[in-house]
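Thanks for coming. I have one structure to go through today, and I will keep it brief. Please have a look at it first.

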Amino acid sequence: MIKFPFFRKNGKPPGGRRPVDLFSVGKEDLLFHEKFKGLRAMVEQKADLHRMKLLGITSSIAGEGKTVTSAQLGRSLASTGRKKVLLVDVDIRKADLTHGMGERRSPGLTEYLLGGATLQQVTRATQVPSLSLITTGSEVNSPADLLAGDKFKSFLQEIRTSFDMILLDTPPVLPVADTPTIRELPDGFLFVYRVGHTPYTMLRQAMEELGEKNVIGAVLNGVDVASDSYYRKYYGGYYHGKPVSVIDRTAEKEAIR
Ligand SMILES: Nc1ncnc2c1ncn2[C@@H]1O[C@H](COP(=O)(O)OP(=O)(O)OP(=O)(O)O)[C@@H](O)[C@H]1O
Ligand SMILES: [Mg+2]
């Protein structure tokens, strides 16, 4: 399992749900991109080793950092030029990835699934070369039903042929019915959990529902390095040994100087 803590200077991500610009998150943190490079390396390694190209980004509950992780990891993967990367906003209710990348909903996924647009029409270029985006499309009454249909399966098959890596920004596992319908479809899930925000019981429950074998890695979001022993204790079984990427406070201070 990949363990990837984000160390924020005050250890706390801001509240609020809709980021204005997803690429501006973490701009004030000089090490933020470095942390994503570490995550990218781990994801690339696993993906190449296990021939995975379709990854879902999920978490137990709302507000843990799925959308930020999707956008920043997508940008990081695309920036090497090694992979053609596609982000898909599968959180049809919220459309945070869509809005956070400065795009309108339509035409997007729902138009494609309902037969109102072609794949070419819904695939948008972004400000990052090699990074494309499929937005949510307009709101529908029951996103879960749409995502459970055969058309969504064939959509995933089709995008697999055109991209090297696909990241699906999905709703959380516990409070909504959309994730179970897509649980079997990606090659694996990256599981985000926000330290001090997600009760352990919910983390366990979400992991069980998702099936641990489907989780290729975990992103610990909002970790303060000073509380390392706290989250080690708190998340017990999900946090063995040292995180793969450790940036301590000394390094942080030196980088700022
Ligand atoms: N490491 C971080 N540093 C700074 N801000 C962060 C970080 N992680 C998340 N945020 C901010 O916290 C809020 C929630 O993040 P995000 O929207 O990515 O969560 P989510 O899991 O996608 O939530 P939802 O379940 O509602 O879709 C956003 O305002 C985001 O910008
Ligand atoms: Mg989100």
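Predicted model: local features only at pLDDT ≥ 70, side-chain atom pairs only at ≥ 80, totals over all residues.

Let me begin with a hairpin. Strand 4, residues 123-125, is joined to strand 5 by three bridges, and the two run antiparallel. Five residues separate these strands in the hairpin, and in the turn Ser-130 has a positive phi of about 70 degrees.

Strand 5 has another partner. Strand 3, residues 85-89, is joined to strand 5 by four bridges, and these two run parallel. Here Leu-86 has Ser-132 as its bridge partner.

Now the wider picture. The chain has 257 residues, and 43% of them are buried. It contains 11 helices and eight strands. Of the contacts with a separation of 6 or more, 81% are between residues 24 or more positions apart.

The largest nonpolar core has 54 residues. Those with the most contacts inside it are Leu-87, Val-88, Leu-109, Ile-166, Leu-167 and Leu-190. Take Leu-167 from that list. Beyond its neighbours within four places in sequence, Leu-167 is in contact with Leu-55, Ile-57, Ser-70, Leu-73, Gly-74 and Leu-87.

Next, some backbone details. Most residues other than glycine have a negative phi, and most peptide bonds are trans. There are exceptions to look at here.

The peptide bond from Ser-106 to Pro-107 is cis, with omega near -5 degrees. Pro-107 sits in the loop between helix 3, residues 96-100, and helix 4, residues 109-113.

Arg-51 is not a glycine, yet its phi is positive, about 50 degrees. Its location is the loop between helix 1, residues 32-50, and strand 2, residues 54-59. Ala-95 also has a positive phi, near 55 degrees, and is likewise a residue other than glycine. Ala-95 is in the loop between strand 3 and helix 3.

Is Arg-51 buried or exposed? Arg-51 counts as exposed, because it has 7 C-beta neighbours inside 10 Å, and the cut-off for exposed is 12 or fewer. Ala-95 counts as buried, because it has 23 such neighbours inside 10 Å, where 20 or more are needed.

That is what I have for today.

Terms used
Residues numbered from 1 in each chain as written. Chains lettered and ligands numbered in written order. Core = buried A, V, L, I, M, F, W, Y, C linked by C-beta atoms within 7 Å. Contact = placed C-beta atoms within 7 Å. Pairing = 2+ DSSP bridges.
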